[in-house]
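Good morning, and thank you for coming.

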Amino acid sequence: MKPTLPEAIPASVPDRTRSGRFRNLHLYALSVMVLLGLWAAIAPFFPEFILPGPMAVARTSWEIFRSGEFFTDMYYTLMRVLGGVAGALLVGILIGVGMGINRQMETFWKMEILIGLTIPGLMWAVISVLWFGLTDFAAIFSIIIVTSPMITLNIWEGTKALDTKLVQMARTLRAPRRTIVREIVIPQLIPYLLSGTRLGLSLAWKVVVISEMVGLDKGIGHQISHWFGLFSMMKVMAWTLSFTLIMLLLEFGVIYPIERRITRWRPETKEAFAMAQA
Amino acid sequence: MATIHIRHLSHSFSTPNGHSLAVLKDVNLTVREGQFACLLGPSGCGKSTLLNMIVGLLSPSGGAIEFEGQDPKSVNIGYIFQEPRLLNWRTVADNIDFALRVKGVPREKRPAIVDRYLKMVGLEKFRGVYPLTLSGGMQSRVGIARAFAIHPDVLLMDEPFSNLDELTARQLRRDLLDLWEKERLTVLFITHNALEAVYLGDVVHVMTNRPAEIFTSREIPLPRPRDYRNPEIFRIQQEIVDQLLTRVGDLE
């Protein structure tokens, strides 16, 4: 049999050569240029200890990179963040899935999430240092507490949105429970897990720097606090800039490609819109 | 392949206030091996409940479902739903492969089967495409290919074309019959569309509203391939609708 009718024409066959991470690159570049341009334009009106210019800060950053000291501190910060977010993911999956399948758990944890989202991250950074001393665990603990409400929220959403009709389809094939979890449930949760992780990471960077500023003896936050004590605006900005660069690199070099790969089956929003119109 | 016997089947749900609501009442039905049987009835009359019991997702309150000469647990059932129910994160080919994998078809045999059925539904060019980029009719074809690919003893279809426009539905009915004639599966096709039932079926069983029971069965002796323009189809269809209207009217 041949598809001779109009329905045999695909609504859209995605064109993968044009899409991808480099689309709209010029807009990203423009955005960064505007920011740097503003900075460069304003800086000359201030003394260096108030606002050093971008070139000077970049030079200092380069020195920090070259001497290798950046990577030691970055390593500590990164490990704390990864440990904390991993912990929060565990908590988020357990509670989020529970909330999605059980009414009582849903009501119970909804309140906790609300409270968790309201308390400022700074508070937890201070409290966990008081509880656990100047340890890595203090930083990790505060990250878990601060990021898990956001991650839980996402997983909860994902569990509620599970398409049970697909589970039923698999059951008519007599698929074992193991297969249903692995092939039907987990793939549907992954996009939510991913956006939870991304939000969690963005919160974690902020919290970890605060924890480190409060008193840990290594990490980006420690360096910023150290140079703050010596009134070196140049170094404070250089460390911040380096840190930001690494963050952007992680976002565009690791997280974004993973996300694209995992969600490549979704039609682009524009195409989906066109399909809805058709 | 298998002949299905449904004997004195009944089903009731218990409502929150303690009453029980009868959905099916004393349903008797035989679908012979290789027969294309249609089950026609108004929406919400318990047709899907019946299918869910045949496939074993739901236990009947009374009566029995038997597959001649086969253990009900080992009967291979293909199910085509009202929606395509595809795994949208897997390609068209992988969706069919998934069903074969669940059925334990060895890895080295799967690609050839997938290709064969994709070709049969005219989608061989779209094997690597993700379902959400396909039109509704094409998604339905993938669902049909998936159901046929597992070589079911029995094929159950639950209003599979009711969400499609009439042109697409007609094309898919034609394609479905082509496939069925090649493989001669035992089919139970549920629909609320009398014309569709008469066009497709060797026999049409007509159901009433809740509690649902089969009040008449009618052989359709027309030769295949059939044509919608055949006045006989239209006449039989009209008779069935009249019967159904009289019967449902009686209930009110």
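This is a predicted model: local features need pLDDT of at least 70, side-chain atom pairs count only at pLDDT 80 or more; totals for chains, interfaces and linings use all residues.

Residues are numbered from 1 along each chain as its sequence is written, and chains are lettered from A and ligands numbered from 1 in the order in which they are written.

An unreviewed UniProt entry places the feature "domain: ABC transmembrane type-1" at residues 74-254 of chain A; UniProt positions are given here in the numbering of the model, feature names are shortened, and annotations may be inferred rather than shown by experiment. Over residues 74-254 the chain is 88% helix and 0% strand, with 17 Å between the end C-alpha atoms. Helices (H or I, at least four residues) and strands (E, at least two) are DSSP runs, numbered from the N terminus.

The unreviewed UniProt entry also gives the annotation "transmembrane region" to several stretches of chain A, including residues 81-101 and 138-156. Residues 81-101 of chain A are 100% helix, and their end C-alpha atoms lie 30 Å apart. Residues 138-156 of chain A are likewise 100% helix, with 27 Å between the end C-alpha atoms.

What does helix H8 of chain A span between its end C-alpha atoms? This helix, residues 177-214, spans only 48 Å, whereas a straight helix of 38 residues would span 56 Å; the expected span is 1.5 Å times one less than the number of residues. H8(A) has a kink of about 40° at A:Ile186, shortly before the proline A:Pro187. The bend at a residue is the angle between axes fitted to the seven residues ending there and the seven starting there. In the loop between H7 and H8 of chain A we find A:Arg174, whose phi is near 60°, a positive value in a residue other than glycine.

We come to the contact between the chains. Here 25 residues of chain A are in contact with 30 residues of chain B, contact being C-beta atoms, placed from the backbone, within 7 Å. On the side of chain A that touches chain B, helix H7 (164-172) and H8 each supply at least two residues. The largest share, six residues, comes from H7(A).

Now to chain B. An open sheet of six strands runs in the order E5-E6-E7-E3-E8-E9, with mixed pairing; two strands pair if DSSP finds at least two bridges between them. Strand E5 (77-80) and strand E9 (214-219) of chain B are at the edges with a single partner strand each, so one side of each is left without a neighbour in the sheet. Within this sheet, strand E3 (residues 36-40) and strand E8 (residues 203-207) of chain B pair in the parallel sense over four bridges. One of the pairs joins B:Ala37 to its bridge partner B:Val203 in E8(B).

A further open sheet of chain B has three strands in the order E2-E1-E4, with antiparallel pairing. Its edges are strand E2 (20-31) and strand E4 (62-67), each with a single partner strand, so one side of each is left without a neighbour in the sheet. Strand E1 (residues 4-14) and E2(B) pair over eight bridges, and the bridge partner of B:His5 in E2(B) is B:Thr30.

I close with a peptide bond. B:Arg224 and B:Pro225 are joined by a cis peptide bond, with omega about -5°. B:Pro225 sits in the loop between E9 and helix H7 (231-251) of chain B.

Notes: Two residues are in contact if their C-beta atoms, placed from the backbone, lie within 7 Å.
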